[in-house]
Amino acid sequence: MEVTLRSIGGDDAIAALLGLGLGNLSSGLIGGVPVQVGLSRMGIATMNNIETQIGGNVIPAFVVLIGTVFFAPYFYFIPKCTLAAIIIGAAIHLIDAKTPV
């Protein structure tokens, strides 16, 4: 059975989280490593109206690869608290405080 957004139903974000959870559960059963990159990438793609897999996965992977290859020696000197602040600043847009749960 193929699991797609259409077969799961509901919002794209809920379907993505369900897929991420199922993937983590199945990877844990076979000794894999759980993944959690879906939330931030999904939020960035939603904010930028990206609707294809190339825009949401391939281009960011290419940017990360190029950045890692050319700038990895300089990342060593950046304090961890600065990197944490960058991640928090990017993820803060994922929180909707106006809508109650």
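1. Tyr76 has a relative accessibility of 70%, so this residue counts as exposed. The exposed cut-off is over 50%. The model is a predicted one, and the values here should be read as belonging to that model.

2. Phe77 also counts as exposed, because its relative accessibility is 67%. Tyr76 and Phe77 form an aromatic pair. Their ring centres lie 5.4 Å apart, and the planes stand at 85 degrees. That geometry is edge-to-face. A search of the whole structure turns up one aromatic pair. Tyr76 and Phe77 are its two members.

3. Next, the fold. The protein has five helices and zero strands. Along the sequence the pattern reads α-α-α-α-α. Two of these helices matter for the points below: H4, covering 53–75, and H5, covering 80–91.

4. Burial and surface come next. The protein has 101 residues, and 8% of them count as buried. Buried here means under 20% relative accessible area. The accessible surface comes to about 8600 Å². Carbon and sulfur atoms account for 71% of that surface.

5. There is a nonpolar surface patch of about 1100 Å². Its residues are Phe62, Leu65, Ile66, Val69, Phe70, Phe71, Tyr74, Phe75, Ile78, Leu83 and Ile86. The elements that give two or more residues to this patch are helix H4 and helix H5. H4 gives the most, with eight residues.

6. Which helix holds Ile86? Ile86 sits in helix H5. Is Ile86 buried or exposed? Ile86 counts as exposed, because its relative accessibility is 55%. The cut-off for exposed is over 50%.

7. Ala91 lies in helix H5 too. With a relative accessible area of 30%, Ala91 is partly exposed. That class covers values between the buried limit of 20% and the exposed limit of 50%. What separates the C-alpha atoms of Ala91 and Ile44? The distance is 8.7 Å. Along the chain, Ala91 and Ile44 are 47 residues apart.

8. To recap for the figure legend: the model is predicted. The protein shows five helices and zero strands. The aromatic pair is Tyr76 with Phe77, edge-to-face.

Note on methods
Residues are numbered from 1 along each chain as its sequence is written. This is a predicted model: local features need pLDDT of at least 70, side-chain atom pairs count only at pLDDT 80 or more; totals for chains, interfaces and linings use all residues. Side-chain values use heavy atoms; hydrogens and water are left out. Patches are made of residues with over 30% relative accessible area and no salt bridge: like charges are joined within 9 Å, nonpolar side chains (Val, Leu, Ile, Met, Phe, Trp, Tyr) within 5 Å. Accessible areas come from the Shrake-Rupley method with a 1.4 Å probe; for residues, only the protein chains shown count as cover. A salt bridge is a side-chain nitrogen of Lys or Arg within 4 Å of a carboxyl oxygen of Asp or Glu. Helices (H or I, at least four residues) and strands (E, at least two) are DSSP runs, numbered from the N terminus. Buried means under 20% relative accessible area, exposed over 50%, partly exposed in between (1.4 Å probe, protein chains only). Rings of Phe, Tyr and Trp (its six-membered ring) pair if their centres lie within 6.5 Å; planes under 30 degrees apart count as stacked, over 60 as edge-to-face and the rest as tilted.
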